[in-house]
Amino acid sequence: MRTGNASDYREVKQMNREAQRHFEILVIGGGPAGMAAAARAAEAGARVGIVDDNFGFGGQIWRSESNGARSDNGKKTESSQWVERVRASGAIALCGLRVVHQPEPGVLLAENLDSFYEFTYEKLVLATGAREIFLPFPGWTLPNVMGAGGLQAMVKCGLPVRGKRVVVAGAGPLLLAVAVYLRKHGAEIPVICEQASWGSLAKFGLALFSWPKKILQGFQLKRDLVGIPIAANSWPLAAHGQQAIESVTISRAGKNENIPCDYLACGFHLIPNIELPQLLGCAVNSGFVQVDDFQTTTVPSIFCAGEPTSVGGVELALIEGQIAGLAAAGRRIEAKSLFGKRRKARGFARLLDRTFRLRPELRSLSLSDTMVCRCEDVSYSRLRQHSSWRAAKLHTRCGMGPCQGRVCGPATQFLFDWNPDSVRPPVFPTRVETLAAITGPSQLQHSEVTGGQS
Amino acid sequence: MRSEITVTVNGKPVVVPSGTTVAVAMMLAGQACRTSVSGEPRGPLCGMGICFECRVAIDGISHCRGCQVLCELGMQVTTEK
């Protein structure tokens, strides 16, 4: 399966040299939403390009599962079907590239390890996905303390976990899926710690009955989870170890417990990647990109689909992606026929939000010497002295390292109620040659103005 | 059949299956990806190219995100200081 991705990667290197770089519709992000958008738009006859930072399609949720994978009953998985559909659609794959800047409207600059590329577009679909929320606690910077999705991604990229003990902790349904995945690959899961209460988990379980597909998945998951203890009202207090984690202390329904482990897979639900939409001037409301019925952002030529508009999982992402792709290709009637399905799927996003909202006790996980900003090693006590994200940045360099606040930003938002600043180009650390391609300071200035609406 | 690739991590050879990322090769070699500003060893966190904790030097190019690069034959990877 993974070798399939590797060949994708080589193929794309080839394509980058030869392909014309103008697209009627350019899609950013190769996860479910981006694949759905690219497939529907290309099937409608548009010249479509689909850019992804990873070396293959599938995004995080379908990473390395997309090449002809079959489920237990022998049918092709939903991910394989979509990958095949995108390939057959004629959309041009541009993998291994990350978009760093918009030198002028209608032009995006992207780079990989070897070079940089300028793409022009008429319509843009942003499907930039989401990332895990990480909350700082003592020892969270030790090697082998990772995101829940983070460790899963590592296993999908070759890390063997057979015989390893993995504590899974944090918030959200991803924890259950990751625990099941890791156990299938031979790991021992002593416990899953979910910060939500049994009460809200029970309500979540009952509410699943409104979504027939989800309840089926739920039953499957329940079978797969047999034998893995799940603790509600529980969270990690501290990770211990010298060169890497050796054990974790958890608060399990009010009692402290130390568990020896090889890995801690810990994430506190998801937050959308809205940096690029913000840079391009798309309005954001309560942390999500604002879109109309056709998934159009406040910038008329730019559409947005999937997690950046609401964290609602694969099903919603696929529907929104299709609507965005169809609308971008001018197929508004076909797009409209999916509105009903989307309404239903959005209900699930609201349920996720209600169930897995982070409890205030988690604010006290950080102790005074706990590093909050991992890039610049800024501790909780140094941050606490400041009144805003901006003041903290200026005085401590918090959020000014390579991740540009993608990890510590959501953490400080939760810990201190700080609001993130406007986004400035480039949205990712960039090589000097790429920066030099941005043709002059006036345009940088221009993008700062149009991008600064958060 | 999956083939195997040998890469060099901090001067020592590591054999990995093809399709393995550089970040995973570092973990298999038991080596930190980078050393933090205050000298702590760091390894991968997000696994998806967001956090930059797995950045390493590959063939002399620094600041490469190990989780976004596949191992290639003869690659020289070092912990980023």
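These legends go with close-up views of a predicted model.

**View 1. Where chain A touches chain B.** Let's start at the meeting of the two chains: 36 residues of chain A are in contact with 36 residues of chain B. On the chain A side, the elements giving two or more residues are helix α1 (2-18), strand β7 (130-132) and helix α4 (148-156). Sort that side by class and you get 17 nonpolar, eleven polar and eight charged residues.

**View 2. Domain 1 meets domain 3 in chain A.** Chain A is split into domain 1 (2-130 + 271-352), domain 2 (134-268) and domain 3 (365-451). Have a look at the contact between domains 1 and 3, which takes 16 residues from domain 1 and 17 residues from domain 3. On the domain 1 side, β4 (98-104), β5 (107-111) and α8 (275-279) each supply at least two residues. Of these, β4(A) gives the most, with six residues. By class, the domain 1 side holds eight nonpolar, four polar and four charged residues.

**View 3. Two helices packed together, α2 and α9 of chain A.** Two packed helices are described by the angle between their axes and the distance between the axes. Here α2 (residues 32-43) and α9 (residues 313-328) of chain A pack at an angle of about 30 degrees, and their axes are 7 Å apart. Their crossing is right-handed. Residues making the contact include A:P32, A:G34 and A:R40 of α2(A), along with A:V314, A:E320 and A:A328 of α9(A). Count up the contact residues by class and they come to 14 nonpolar, four polar and two charged.

**View 4. The buried residues of helix α14 in chain A.** Which residues of α14 (residues 408-416) are buried? They are A:C408, A:G409, A:P410, A:A411, A:T412 and A:L415. These buried residues pack against strands β16 (270-272) and β20 (371-373), and also against helices α12 (380-384) and α13 (389-396), in chain A.

**View 5. A close look at A:R252.** You'll find A:R252 in strand β13 (residues 247-252) of chain A. Why does A:R252 count as partly exposed? Because A:R252 has 18 C-beta neighbours inside 10 Å, and the partly exposed class sits between 12 or fewer (exposed) and 20 or more (buried). Leaving aside neighbours within four places in sequence, A:R252 is in contact with A:C193, A:A231, A:S234 and A:E257. As for A:Q220, it sits 32 residues from A:R252 in sequence and 26 Å from A:R252 in space, C-alpha to C-alpha.

Methods
Residues numbered from 1 in each chain as written. Chains lettered and ligands numbered in written order. Predicted model: local features only at pLDDT ≥ 70, side-chain atom pairs only at ≥ 80, totals over all residues. Contact = placed C-beta atoms within 7 Å. Helix = DSSP H or I, 4+ residues; strand = E, 2+ residues; numbered from the N terminus. Nonpolar A, V, L, I, M, F, W, Y, C, P; charged D, E, K, R; others polar. Axes fitted to C-alpha atoms, helices over the stretch in contact; angles between N-to-C directions. Left-handed = near helix turned anticlockwise from the far one by under 90°. Domains from an automatic or database assignment.
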